[in-house]
Amino acid sequence: MKAKIDWPNHLISFVLIVMSILMAFQLEKCSSDRKEDKLVDAHIYEIVEETRYNRRNLTGLINKLTEDQFQLDTLLQLIHAEEGDIRRINGLAFRMMNVGGLYLKKNAYASFTESGDIRFVDDFEKKSELVALYEYYELAEVQNTLLVESFNERYFKHVSENLDLYRARPQPIENYRDRTFVNSISSYRYFLTVCLSVYKQSLE
């Protein structure tokens, strides 16, 4: 006589095994999700600190360039004035030798993107905002490079060739009213104004 197969118990055992496997997969997924969340949180913390540093740097530079913009306008007005206050013109010309510089930290963002961990960010809008912010940083660096190049190739070149860099003594008014120098000031001011606009947009 054949042994009777206990199908109900077999079925129950099979269901329990399948449920155990599914629960194990689910627990593993939850554990993986928690690890990913912690990883993203660590990256975001570093990026927030990096952003705070960059905002302080940009704010300070915006204040400086705003003052420089005013000083360049004053320098142009003095050069074109009939009386030609050489001492004041010379002082301003040397004061504008400090072009300043932009330094933005991007290590935290680079680590986030190059590691591929940015893919764990589920909020597409926040991810897009983060990418856009660092694209503005890239643009700000490009504009800063153009400003420094304009300064070096035009403004500094004229000052070094026609003014007294050693003692900073006033020179004949013609040295300041030279078209090359006036154009270099205008170029300096143009790139400075563009930089200001981009820096301010980076803070918004």
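Me: How many residues has helix 6, and what span does helix 6 reach from its first C-alpha to its last?

Reply: This is a predicted model, in which local features need pLDDT of at least 70, side-chain atom pairs count only at pLDDT 80 or more, and totals for chains, interfaces and linings use all residues. Residues are numbered from 1 along each chain as its sequence is written, and side-chain values use heavy atoms, without hydrogens and water. Helices are DSSP runs (H or I, at least four residues), numbered from the N terminus. The expected span is 1.5 Å times one less than the number of residues. Helix 6 (residues 179–203) has 25 residues and reaches 36 Å, close to the 36 Å expected.

Me: Which residue caps the N-terminal end of helix 6?

Reply: Asp-178 does, with a side-chain oxygen 2.8 Å from the backbone nitrogen of Thr-180.

Me: How many helices and strands has the protein?

Reply: The protein has six helices and zero strands (a strand is an E run of at least two residues).

Me: Why does Tyr-136 count as partly exposed?

Reply: Buried means under 20% relative accessible area, exposed over 50%, and partly exposed in between (1.4 Å probe, protein chains only). Tyr-136 counts as partly exposed because its relative accessibility is 32%. Tyr-136 lies in helix 4 (residues 124–162).

Me: What percentage of the protein's residues count as buried?

Reply: Of its 204 residues, 34% count as buried.

Note on methods: Polar contact = N/O pair within 3.5 Å; in protein donor to acceptor, adjacent residues only side chain to side chain.
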